[in-house]
Amino acid sequence: MLEVMVRHRLGDFALDANFASDGGLTALFGRSGSGKTSLINAIAGLIRPDHARIVVGDEVLTDTDRHIFVPRHRRRTAYIFQEGRLFPHLTVRQNLLYGRWFTRPLQRRGDFTQVVDMLGIGHLLRRRPALLSGGEKQRVAIGRALLASPRLMLMDEPLASLDEDRKAEILPYIERLRDETRLPIVYVSHSIAEVARLASTLVILSEGRIAAAGPAAEVMTRLDLSPITGRPETGAIIETRIVDHDVAFGLTRLRAAAGELRVPCLELPAGSRVRVRIRARDVMLAVREPTGLSALNVLPGVITEISPSEGPIAELRLDCSGDALIARLTRQSIATLKLSNGKKVYAVIKSVAFDRRAIGSGSDMAKSADVEAVVAEDLFAGATRRDHQLADPAPAADWIATPGAC
């Protein structure tokens, strides 16, 4: 359990944030200057807030009303920065063990070998930081932090200085960190794609205040937040399980509350959980069940909300048997199809052709984690809008999964 309440003024900037999380990975999302780093610094004890209460588990770190302020070196919080900040004169092994030297034996958790295996850095132990890639440095920094046996891990945009290939390399390891260590993580980012993939709890900041906080899947489907999250990235998260693999066509069948989805073959066994992200711009709507489409994914749903809009574009929220989807349509399409709250529709999501640059390879270390892929396909092979009353074709969707050959 993480409880954070901070009110603090830094020059002309006022931070007023209050949220709670049950653990997992809590993402602090917002534009530059929204207060993300100031908030995480307050949690770390790098800032002494004007008024605050910060609790991790049953340990009160800050409570200004009770005059409690645990010094930063006694908080047992690990801080991962944008760059690895490794000691250049030490080997990877020595860097990893550095934090452990300052941890009391009774407080030590985490086995060296297990941490090394989880992060896939066993082959790097004898190297010095100058011979590591950016992604390797960050994995070593995470390992060093874990071996210090923290009660909380703070990550301030740890992928910001990496190129796309290095980001794809390290994301699966952060997922394993989230899923296997049960260590509470606070993760700062201004990338909605990272947040959608990693977050258990999502906290959105705007101008120093909390605009929204709660389970990531719920927060991401709020239509009123698209001006903050960015309209091109507005979308939904759906939790699915693998049903089976179609070897003949190289596809994997996923089951969600909303229905079945077919995606390119995932290198995971049946029963594995897979998180799927579908952007609003990638969803089309039909008022009758469409036939004769090349798209393999058609989900029935009911319109629950239409965002007010004076421009040409509006967003709609759908309830697909308990799973939420967002669709972005032109107001003309909404008027032509007479769409309104309570109307039954069919969401059409394009089937898949991978952009290999976005997914990386499905290595053994990454098989239990998710890797992002971008999908796109011509939707209208053998069908027309007039035939099926479809609204607004869209370019592509993000599938967060581990791809590989069946």
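This is a predicted model: local features need pLDDT of at least 70, side-chain atom pairs count only at pLDDT 80 or more; totals for chains, interfaces and linings use all residues.
Trainee: Where do S321 and K338 sit?

Mentor: S321 is in the loop between β18 (313-320) and β19 (323-330). K338 is in the loop between α9 (331-336) and β20 (344-349).

Trainee: Why is S321 called exposed?

Mentor: Exposed means over 50% relative accessible area. S321 has 55%, so the word applies. K338 has 68%, so K338 is exposed too.

Trainee: Back to α4. How do you know that its length fits its number of residues?

Mentor: Take 1.5 Å a residue. The 14 residues of α4 should then span 20 Å. The end C-alpha atoms are 20 Å apart, so the two values agree.

Trainee: What makes α4 largely enclosed?

Mentor: Buried means under 20% relative accessible area. Of the 14 residues of α4, 12 are buried, so the rest of the structure largely encloses this helix. Among them are G135, E136, Q138 and R139. V140, I142 and L146 are also on the list.

Trainee: Which elements do those buried residues pack against?

Mentor: The partners are β7, α2, α3 (112-119), β8 (152-156) and α5 (164-180).

Trainee: What makes a group of residues a nonpolar core?

Mentor: The residues must be buried, of a nonpolar type, and joined through side-chain atoms within 4.5 Å. The largest such core has 49 residues. L96, I142, M153, M155 and L202 have the most contacts inside it. α4 gives the most to this core, six residues. Apart from it lies another core of 31 residues, including A236, A258, L268 and A347.

Trainee: Which residues does M153 touch?

Mentor: Leave out residues up to four places away in sequence. M153 then touches A78, I80, I142, A145, L146, L177, L183, P184, I185 and V186.

Trainee: Why is one space called a pocket and another a cavity?

Mentor: A pocket is open, whereas in a cavity the probe fits but cannot get out, so the way out decides the name. The largest pocket holds about 940 Å³ of space. The largest cavity holds about 60 Å³. There are two cavities of 30 Å³ or more.

Trainee: What lines the largest pocket?

Mentor: It has 27 lining residues, with R72, H73, T77, A78 and A148 nearest its centre. β7 (77-80), α2 (92-101) and α4 (134-147) each give two or more residues to that lining. The largest share, four residues, comes from β7. By class, the lining has 13 nonpolar, seven polar and seven charged residues.

Trainee: And what lines the largest cavity?

Mentor: Its lining includes I192, I204, V219, M220, R222 and E233. α7 (216-220) and α8 (226-229) supply at least two residues each. Five lining residues are nonpolar, four polar and two charged.

Conventions:
Residues are numbered from 1 along each chain as its sequence is written. Side-chain values use heavy atoms; hydrogens and water are left out. On a 1 Å grid over the protein atoms alone, a cavity is a set of points where a 1.4 Å probe fits but cannot get out, and a pocket is an open set with protein on both sides within 12 Å along at least five of seven lines; lining residues have an atom within 4 Å of a point. Grid points are joined across faces, edges and corners, and a volume is the space filled by probe spheres set on the points. Ala, Val, Leu, Ile, Met, Phe, Trp, Tyr, Cys and Pro count as nonpolar, Asp, Glu, Lys and Arg as charged, and the others, Gly among them, as polar. The expected span of a helix is 1.5 Å times one less than its number of residues. Buried means under 20% relative accessible area, exposed over 50%, partly exposed in between (1.4 Å probe, protein chains only). Contact means heavy atoms within 4.5 Å.
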